[in-house]
Amino acid sequence: MKKYILKRLLTALPVLLMISIGAFIMMNLAPGDPTDLYITPDATPVQVEATRTALGLDQPYPVQYVRWLGRALRGDLGINYSTRYPVLPILVSRIGPTIVLMGATLLFSYLVAIPLGILSARKHGTWVDTLLTGGAFVGVSIPNFFLGLGLIYIFSVRLGWFPTGGMSQLGEESSILTVLHHLILPVSVLSAFYIANMTRYMRATMIKVYGENYIRTATAKGLAAQVILTKHGIRNALIPVITIIGTDLPRLVGGAIVTEQIFQWPGLGRLTIMAIQQREYPMLMAITMLSAVVVLFANLFVDIMYAVVDPRIKYN
Amino acid sequence: MEETTILEVKDLAVSFQTFEGVVQAVRGVDFSLKKGETLAIVGESGSGKSVSTKAINQLLPKKNTLIERGEILFEGKDLLKLSEKEIQKIRGNDIAMIFQDPMTSLNPTMQVGKQIAEPIIAHKGVSKGEAKQKALELMDLVGIQHPERTYKSYPHQFSGGMRQRVMIAIALACEPKILIADEPTTALDVTIQAQILDLMNNLKKDLDTSIIFITHDLGVVAQMADRVAVMYAGKIVEIGTADEIFYNPMHPYTWGLLASMPTLDVEQTSLYTIPGSPPNLLHPPEGDAFAARNEYALGIDFYEDPELFKVSETHFAKTWLLHPDAPEVIPPAEVIRRKEKFRYLNSEKRMSKTVGGEAYGRRY
């Protein structure tokens, strides 16, 4: 197992390199230039050129890439053009809020969705199932911006129960309680999709598992329904569900771009939007690489979990 | 053999609600099972043999199964009237099952030993350690080598034959009074089949369990059964002792089945097949369901279903040919040969309870 993990980590390196090259090329192919955005309109071409030279943007692309790579390997992710602040501390300050937001969302979603999916499957074909399947359909379909604005209107503007956005009130001491208070609306919005999605998967998987012959064997043994569900049903249903969790995990840092924007959540999603709009190339590269690393780790985690849950899977 | 009846199925009729309509899978089946005997139920796919036995343990899907009528009496209780909790106490404990496909019948994520110990814990109220001990004994009993080591194995590490041994160990775990084996050897290759059948025969002798053996393979029946019931289109068309069914068959469908068995001792150029296919049980035909495929069908077969005619105390067949007014017909050559042997055996008073597989044409 250790050998397998080491091998996976080593093969991840060339993958990351390819991703960085791809991201760098795409970024530079996109129209626009960082200097356009923050140089005053009356700047002379000489001044613009001087700025480009100062930022290293006058160099050929391969040279720029190699310079970026060399610095990145030494832990220097560059600076934000507009503010002249280094990228790394900004990035780090934004990771926390996003992990809090998405972690709460995923945890809450799975806690709700897995039992709902099992219930739906066990009540397959009854009104309970129809209701849950219909609800899941709505949850998957409803756009985040619409649900977000709707919830803000009802619960913040009309009822005044929750803040309209942010992670804490200005001038207020930030505590776990205030963060929780601020979390409720955005987590509700984001969970709608994850709950709906996972409920549907869990339902489909459980229906499939309950059609398997080993469930019939368990029934013929005279086991109680509860025992069949926990010992024979859920364990086998987990295998496909782990795949879904694996695809959800990168969202922990990928953030929720639209929802963070609506709720002014100080996370990576909003940072990404800003970085794109202002052509902050070093920041974009840093965010892309961070996402890539997380995706690779999530995949590795999923593969390891398969082996934990399913004895048929072994890595040698 | 003790002659106490342990299970009695009376006029059982089971239908399934499907999108196309109601399928009448079992249309009135009567049979009984005595203590220690093996009853084989034979028939084509869809003849209702599996459904009739799954009804005993209430293993049919609740959602679309309709028990139209009938009773299944076990120890004075009608199993069809029991609640889910009550039938749970009987499943695996008094009445256990072995299924057709050992490759998919075991939980892939649970150690085989634990799967064997499970019903013991559920029914016998023993500790986990005692259940494990018993499971190890069972593994030894069914011929799994090194139980201590293989207890912790997973099903994918076992071959099909070994998995079926595990299934048998599970079924025997609580020393059931009745063992229902639903085509337990169909998915196995012939040498493994023979091993599993030998194992079941030996266990039956040791444990005195009654067995209902479902199969479409008459060769297997010959090796296993004391009595045989032949099913067609949801009804039993002929029932009798193994000797009566094999050597003195009365129903044209049984004739067809016997004639379509490959034999070693007759020079065969081609194998007989019963023409046509079984009727669609969404709309069972009027009269005898077999009439359309029956070259011996009488006029009455097409509008009136025959009753079971008595041939002997143990032998009944559902065909108008046994009516006193029915014309004499000549059965297929293979059947005549068998009947001659039956008369010879009877006159010599040499009929034995268990006849070697050879006489039935197929040998394992």
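This is a predicted model: local features need pLDDT of at least 70, side-chain atom pairs count only at pLDDT 80 or more; totals for chains, interfaces and linings use all residues.
Reader: Why is the pair Lys221(A) and Glu118(B) called a salt bridge?

Author: The closest N and O atoms of Lys221(A) and Glu118(B) are 2.7 Å apart. The cut-off is 4 Å between a side-chain nitrogen of Lys or Arg and a carboxyl oxygen of Asp or Glu, so the pair qualifies. The rule finds one salt bridge across the interface of chain A and chain B.

Reader: Which helices of chain A each supply at least two residues of the side that touches chain B?

Author: They are α9 (213–220) and α10 (225–248) of chain A. The largest share, seven residues, comes from α10(A). By class, that side of chain A has nine nonpolar, seven polar and six charged residues.

Reader: How much area do chain A and chain B bury between them?

Author: About 2100 Å², with 57% of it on carbon and sulfur atoms. In terms of contact, 22 residues of chain A meet 26 residues of chain B.

Reader: What makes strand β3 of chain B largely enclosed by the rest of the structure?

Author: Five of the five residues in β3(B), residues 38–42, are buried, so the strand is largely enclosed. Buried means under 20% relative accessible area. Thr38(B), Ala40(B) and Val42(B) are buried on one side, and Leu39(B) and Ile41(B) on the other, so both faces are covered.

Reader: How do you know that β3(B) pairs with β8(B)?

Author: Pairing needs at least two bridges, and five join β3(B) to β8(B), so the two strands pair; they run parallel. One of the bridges links Ala40(B) to Phe213(B). β3(B) also pairs in the parallel sense with β9(B), over four bridges, and there Ile41(B) has Ala229(B) as its bridge partner.

Note on methods:
Residues are numbered from 1 along each chain as its sequence is written. Chains are lettered from A and ligands numbered from 1 in the order in which they are written. Side-chain values use heavy atoms; hydrogens and water are left out. Contact means heavy atoms within 4.5 Å. Buried area is the accessible area (1.4 Å probe) that two parts lose on being put together, summed over both. Ala, Val, Leu, Ile, Met, Phe, Trp, Tyr, Cys and Pro count as nonpolar, Asp, Glu, Lys and Arg as charged, and the others, Gly among them, as polar. Buried means under 20% relative accessible area, exposed over 50%, partly exposed in between (1.4 Å probe, protein chains only).
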